Structure formats: C-alpha cells, structure tokens
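Work through the exercises below with the model in view. Try each task before you read its solution.

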Amino acid sequence: YFIELVCEYDVSNSTNPEAALLENIKQVTWKVIDLKTDKVLGSGKKVPPAARKYKNADKGVNDFSFGIAVDIYNIIRR
C-alpha cells in the first residue's frame, strides 16, 4: 500500500507556530492506494477538534493522529 497524507497548517494566529499543537493543524487528508492495481482503496479527511478541549497539548495531537490511523487501518482491512 501507498498512503498519501497531506497535512495543512494554519499558524497565522498561533502563539507558538513552531510547536506541535492541535490548534496549528487546519486539516489532514489521506488516500490509500493499492500498489499492485493502482486502485485508490479509500480516502478521508479530518479536521481537528477544538484544542481547548485538551488540557495536555501532546494528548490532543496524539488522539487526533490515532483517529487518522484508525481510519486508514479500516480502509486497508476491508
């Protein structure tokens, strides 16, 4: 499989644009491609939840990333 991930960031209003913060991520899109057939098996898009929901910035990014990984896994295991 080939997995194409596109992460879009918006740090125009960020207090810390260099940090790995959920509020710096605009959206993530992905596409899963079967290399044997060149067929797109599936794709998706996620917009992160409000960062203020998380007291721990690392936890927010971790949960968001985990959700993307689960969605990609579900495409692959079909």
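**Exercise 1. Find which residues threonine 29 is in contact with, leaving aside its neighbours within four places in sequence.**

Solution. Contact means heavy atoms within 4.5 Å. Leave aside the neighbours within four places in sequence, and threonine 29 is in contact with Glu4, Leu5, Val6, Gly44 and Lys45. Strands are DSSP runs of E with at least two residues, helices are runs of H or I with at least four, and both are numbered from the N terminus. Now check its cover. Threonine 29 has 22% relative accessibility, so it counts as partly exposed. The cut-offs are these: buried is under 20% relative accessible area, exposed is over 50%, and partly exposed lies in between (1.4 Å probe, protein chains only).

The model is a predicted one: local features need pLDDT of at least 70, side-chain atom pairs count only at pLDDT 80 or more, and totals for chains, interfaces and linings use all residues. Residues are numbered from 1 along each chain as its sequence is written, and side-chain values use heavy atoms, with hydrogens and water left out.

**Exercise 2. Look at glutamate 4 and find its contacts, leaving aside neighbours within four places in sequence.**

Solution. Start with its place: glutamate 4 belongs to strand β1. Its contacts are Thr29, Trp30 and Lys31, with neighbours within four places in sequence left aside. Take lysine 31. Glutamate 4 and lysine 31 are 27 residues apart in sequence, yet their C-alpha atoms are 5.2 Å apart. Finish with the cover: at 34% relative accessibility, glutamate 4 counts as partly exposed.

**Exercise 3. Is isoleucine 68 buried or exposed, and what does it touch?**

Solution. First, locate isoleucine 68 in helix α1. Its relative accessibility is 9%, so isoleucine 68 counts as buried. Not counting residues up to four places away in sequence, isoleucine 68 touches Leu5, Val28, Trp30 and Lys46. Then take two distances. Isoleucine 68 and valine 28 are 40 residues apart in sequence, with C-alpha atoms 8.3 Å apart. Threonine 29 and isoleucine 68 are 39 residues apart along the chain, and their C-alpha atoms are separated by 9.0 Å.

**Exercise 4. Check the span of helix α1, then list its buried residues.**

Solution. The expected span is 1.5 Å times one less than the number of residues. Helix α1 (residues 57–76) has 20 residues, so it should span 28 Å; its end C-alpha atoms are 29 Å apart, which agrees. Now the list: Gly60, Val61, Phe64, Gly67, Ile68, Ile72 and Ile75 are buried in α1. They cover an arc of only 130° around the axis, which puts them on the same side of α1. That arc is taken from the directions from the helix axis to the C-beta atoms. An α-helix has 3.6 residues a turn, so residues three or four places apart point the same way. Turn to the face of α1 away from its buried side: Asp58 and Phe66 are exposed there. Last, ask what covers the buried residues of α1. The cover includes β1 (2–9), β2 (25–34) and β3 (39–46).

**Exercise 5. Inspect the loop between β2 and β3, where aspartate 38 is found.**

Solution. Aspartate 38 has a phi near 60°, a positive value in a residue other than glycine. At 61% relative accessibility, aspartate 38 counts as exposed. Threonine 37 is also placed in the loop between β2 and β3. At 52% relative accessibility, threonine 37 counts as exposed. Now look at lysine 53. Threonine 37 and lysine 53 are 16 residues apart in sequence but 42 Å apart in space, C-alpha to C-alpha.

**Exercise 6. Describe the whole protein chain: what pattern does it follow along the sequence?**

Solution. Count the elements: one helix and three strands. Read them in order, and the pattern is β-β-β-α. Take the C-alpha atoms along the principal axes; they fill a box of roughly 45 × 20 × 15 Å. The protein chain has 78 residues, and 27% of them count as buried. Finally, sort the contacts with a separation of 6 or more: residues 24 or more positions apart account for 45% of them.
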